[in-house]
Amino acid sequence: MSKLVSAKAMLDKALNGQYAVGQFNINNLEWTKAVLLTAQEMNSPVILGVSEGAGKYMGGYKTVVGMVNGMLEELNITVPVALHLDHGSYDGAKACIAAGFSSVMFDGSHYPIDENVTKTRELVSICNDKGLSIEAEVGSIGGEEDGVVGKGECADPEECKLIADLGVTMLAAGIGNIHGKYPDDWAGLSFETLEAVKSKVGEMPLVLHGGTGISEEMIKKAISLGVAKINVNTECQWAFQQATRKYIEDGKDLKEKGFDPRKLLAPGFEAIKTAVKEKMQLFGSADKA
């Protein structure tokens, strides 16, 4: 039986407690194990994010669900864990629901608002029937995430209210945030937009995508204005890449039999644990499970 949970309870608790739960995207076994063990060590709730591309890479959504459920049991993970589709399409969200995800995001931000509302409403009904959490988006997030490109638009607060009123669990509203590396001329987060969105949606947990590269000051201010979930992906990718590359360049595993993948990936595994731990401390989710 799956130990995965909806993200609703952990996000409601975070909103009331003025901290944020981290969503850390997973891309393979090492990534998943590192995030889960760190969440357990920090006694922090956690959301495992899976993009559609990562899901395909790991063998399909059912494979991901099986791997995560197996780790929850074998590693004796007792903190709340949600398995969440990140920036999902309409069909992708349905596929993840069928596969056993406990949470999905439908990113309808690139559709006209009427179509975003229609598709989101249907998925909200499905998720409510199954006890799953659902995230929606208004105003595209800048940069590229799994082939979805956004310019970092600021969301229309009135459109945010239309989507929030459908009964979504959480709302991602574009406030100038960007996936990946932030450019030198980035104007920063639009807290004016965030405040306006908050005034329209009330006590709904808000989501901040593009958590890599946002300053501690901005993170804390965003949390004070209703952000209860912060997504991190690029920072873990950088940490994993740099640690693994250094291991190879140092030639520590050059043997006649070739590379031992367990040794090759170990530095990246440890680097992800460090990155996740630092973010959990920054977001204030440690010891909140």
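Of the contacts in the protein with a separation of 6 or more, 72% are between residues 24 or more positions apart, a contact being heavy atoms within 4.5 Å. This is a predicted model, in which local features need pLDDT of at least 70 and side-chain atom pairs count only at pLDDT 80 or more, while totals for chains, interfaces and linings use all residues. Residues are numbered from 1 along each chain as its sequence is written, and side-chain values use heavy atoms, with hydrogens and water left out.

Let's start with the inventory. The protein has 11 helices and 10 strands; these are DSSP runs numbered from the N terminus, with helices being H or I of at least four residues and strands E of at least two. Buried residues make up 57% of the 289 residues, where buried means under 20% relative accessible area with a 1.4 Å probe, protein chains only.

Now to the barrel. Its 8 strands close in the order β1-β2-β3-β4-β5-β8-β9-β10, with parallel pairing; two strands pair if DSSP finds at least two bridges between them. From one strand to the next, the twist averages 25 degrees, and such angles run from 0 to 180 degrees between N-to-C directions, with axes as lines fitted to C-alpha atoms, for helices over the stretch in contact. For a closer look, take strand β8 (residues 170-173) and strand β9 (residues 206-208), which run parallel and are joined by 2 bridges. Here leucine 171 stands opposite leucine 206 in β9.

Helix α1 (residues 8-17) touches β1, β2, β3, β5, β8 and β10, and its direction makes about 115 degrees with that of β10. Helix α7 (residues 157-164) touches β5 and β8, and makes about 160 degrees with the direction of β5.

Finally, the cysteines. The structure holds 0 disulfides, counted as pairs of cysteine sulfur atoms within 2.5 Å. Cysteine 96 counts as buried because its relative accessible area is 0%, and cysteine 160 is buried too, at 0% relative accessibility.

Notes
Buried < 20%, exposed > 50% of the residue type's maximum accessible area, 1.4 Å probe, protein only.
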